[in-house]
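Hello,

Here is the structure we talked about. Please have a look before you read my notes.

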Amino acid sequence: MDVAIEQTIRERIAVEKARTAPPADAIAVPLIPATRYTNPDFFELEMQQIFHRNWLFAGHESEWAEPGAYQLFTRSGAPIVIVRGQDNVLRAFYNSCRHRGAPVTRDVCGVAKRLTCQYHSWSYDTQGKLKAVPDSRSFVDLDTEELALVPVRCEVWQGWVFINEDAQAEPLIDFLGPICEQMLDINGPGMRRVGRQIHRVEANWKLMVDAFLEVYHIRTVHPDNAALLYDDQSVTVSMLPNGHSRLTTEKREELRDFPMVSDQNDNPSVGLLWRQTSTSFGIFPNLVVPMDTGAFTFLSMWPVDQRTTELELNWFAPAWEGEEVPEEHLQRLELFDTVMAQDKANMAPIQASVESPGAQPFQIGWHERLIHHFQRAVDLSIGPDLLPAGTAVSTALDSYVER
Ligand code: FES
Ligand SMILES: [Fe+2]
């Protein structure tokens, strides 16, 4: 990783541990209206303006191992098929036939040379071109050249696959910005999927994201695991462009250099700072990636409805030989499950309280400011003019974004 960034983070950790009052440059973080988590109009806007118009994490390129491999992706709200073409390029299309709109595949995943609609068997190649129309004699002036599947943006950075329904969106690497450089150590192209866990939680998706943007809660919610390992007084954060963020918390001294994974399953490209700390990247809108050596996870918070979220954990580790996942990686998944169970149990009662008439705007500490940064990016992504009255957050932290 960049030596200057490492140096800066280490210096900031030292400052954080030493301070006994808010830092000199801190301001009172403006309040966050509780209605953002409850207003149905706000939720509708989020679906339309955020999830249909931002880069969303869809997996690792190794999951489309061969030409013709495809997977359905429905998390943005529209059915999309992501397919590796015979030319080896990954592409995404709406899963909707040009004849009368039916799905061109109903399987969640598979490998095929053609995607054939089950309604009347129009069939498309893996690059989306219409190749066969049964009984074409009955169509007047059918221009099959024009009738390709409708494309969706699909870009791959370091092996990580993202899709975006907005044809005008900036390229993925521009959107990710400094994250691209700072997450390089994980060596994405060398990763392989370990497993996936999905938890359904009765809470608004932003309440879930907020919970992963601070470590203030670990002493109370995770006293028997995370709080034993990490020193919450060391937390240092960066507000990055486009609502992204970085959150670093140092491990307690006695555990700082304790190896967390055997040499055999270690990821040699992960740098020392990422080993001595918990550093997680928040990628707008709904992805959190805690860097780690060995197996590590991409956490996505997918809205189901205004008060229901699916927390999806996609685990990856350096590619290993053979079919069987190393036991050590599976144990890490299990261990993390106990932390997730605590977060999960925490959430539904919070949603109920936030929905009560007694709920007041949230008071945010300086050490929790990434929450405000994320919420501000939500406003910007929706478009401030469209926000329901009284739901916007302040612009007061905009000048703290590190360009
Ligand atoms: S809707 Fe697809 S072939 Fe008719
Ligand atoms: Fe937590």
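Below are notes on the domains and on one helix.

This is a predicted model: local features need pLDDT of at least 70, side-chain atom pairs count only at pLDDT 80 or more, and totals for chains, interfaces and linings use all residues. Residues are numbered from 1 along each chain as its sequence is written, and chains are lettered from A and ligands numbered from 1 in the order in which they are written.

**Domains.** The domain assignment gives domain 1 (3-52 + 170-400) and domain 2 (56-157). Such bounds come from an automatic or database assignment. Over C-alpha atoms, the two centres are 33 Å apart. Domain 1 puts 17 residues into the contact and domain 2 puts in eleven. Contact means C-beta atoms, placed from the backbone, within 7 Å.

**The domain 1 side.** α2 (40-51), α3 (172-176), β12 (191-201), β17 (296-305) and β18 (308-318) each supply at least two residues. Helices (H or I, at least four residues) and strands (E, at least two) are DSSP runs, numbered from the N terminus.

**Helix α2.** Phe42, Leu45, Glu46, Ile50 and Phe51 are buried. They sit on the same side of α2, because they cover an arc of only 160° around the axis. The arc is taken from the directions from the helix axis to the C-beta atoms. Pro40 and Glu44, on the other side of α2, are exposed. Buried means 20 or more other C-beta atoms within 10 Å of the residue's own, exposed 12 or fewer, partly exposed in between, with C-beta atoms placed from the backbone. The buried residues of α2 pack against β2 (56-60), β17 and α10 (369-382).

Best wishes

Conventions. Contact = placed C-beta atoms within 7 Å.
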